[in-house]
Amino acid sequence: PWNCDYHTNINIQMNYWPVDVTNLSECYAPMTDLIESLVKPGEVTAAVQYKASGWCVHPITNVWGYTAPGEHPGWGMHVAAGGWLCQHLWDHYTFTLDQKYLERVYPIMLKAAQFYLDWLVKDPATGNLVSGPATSPENSFVAPDGSVCQMSMGPSHDHQILHELFFNVLKASEVINDSNPILPKIDSALKNLPSPKIGSDGRLMEWSKEFKETEPTHRHVSHLYMLYPGTQVDSEKTPELADAVRKSLEARTDIGTGWSLAWKINFWARLKDGDRAYLLLKNLLRLVYDS
């Protein structure tokens, strides 16, 4: 029903989360091939849409190399998709420690980072580099004038993905002894990304300001990327962030579509709450009767 596409704001990625940990590493090949196939068309999209270098992809793609923004800006301006896909390339390397694989995918990661260097802009209020205009996938908020909006400057989801991408590119460059002159720029950009913010209600903030949500139990939980599949939150090393994430999950509740529940299962597992993860697993794997 969605133009034979693959959704890149979580759906295709989610299908590959268990591959390595279930001893099916050879099944990663199609994902790697797909990401690799998006670089050339993604370079065209980056140049045409944004006059930027590197490559990018938005929330949908397909076997014909579709990388342009989606039809509606409210969901179609998910510019962080390329960075999210690159997380898979790095994760697969860290699981297998296959240096030949890393040498193959490193240029893909580097070119993705190159795009985001051109995409980020300086926030005049803070001096940080921020992403935008962009979305927090498929969620909406109430703007100060009372209108319902999806687009903003500096959604947390984008910054979390770019933090992972920039950090991973720098680590990968050390492994393969690369000295590309763009690396110091990536390092500088990493240091100038906004830090995660905790709202007055104790939750991790989804946007740069405390906008009112139009759907508090929204199925996407994009601003918790830093917990999973990201690595910035740890219940022991970053207890304040972990607590803010936990409060965010409680507010979203345990309801959700199948893929949404699967994401929440992983969230609770990362927070080391096995009982809550098991409860959601039972909610997910339930009998559905014909009416």
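This report walks through the overall build of the protein and then looks at one of its helices.

The model is predicted, so local features need pLDDT of at least 70 and side-chain atom pairs count only at pLDDT 80 or more, while totals for chains, interfaces and linings use all residues. Residues are numbered from 1 along each chain as its sequence is written, and side-chain values use heavy atoms, leaving out hydrogens and water.

Let's start with the whole protein. It has 11 helices and seven strands, taken as DSSP runs (helices H or I, at least four residues; strands E, at least two) numbered from the N terminus. Its radius of gyration is close to what the globule rule gives for 291 residues, so the protein is as compact as a globular protein of that length.

| Property | Value |
|---|---|
| Radius of gyration of the protein | 19 Å |
| Globule rule for 291 residues | 19 Å |
| Box filled by the C-alpha atoms, along the principal axes | roughly 50 × 50 × 45 Å |

Buried residues (under 20% relative accessible area, with exposed over 50% and partly exposed in between; 1.4 Å probe, protein chains only) make up 49% of the 291 residues.

Now for helix α8, which spans residues 183-191 and has L183, I186, A189 and L190 buried. These residues cover an arc of only 120° around the axis, which puts them on the same side of α8; the arc is that of the directions from the helix axis to the C-beta atoms. On the face turned away from this buried side sit the exposed residues P184, K185 and K191. The cover over the buried residues of α8 includes α6 (99-119), β4 (129-130) and α7 (156-175).

Conventions
The radius of gyration is taken over C-alpha atoms; the globule rule is 2.2 Å times the number of residues to the power 0.38. Contact means heavy atoms within 4.5 Å.
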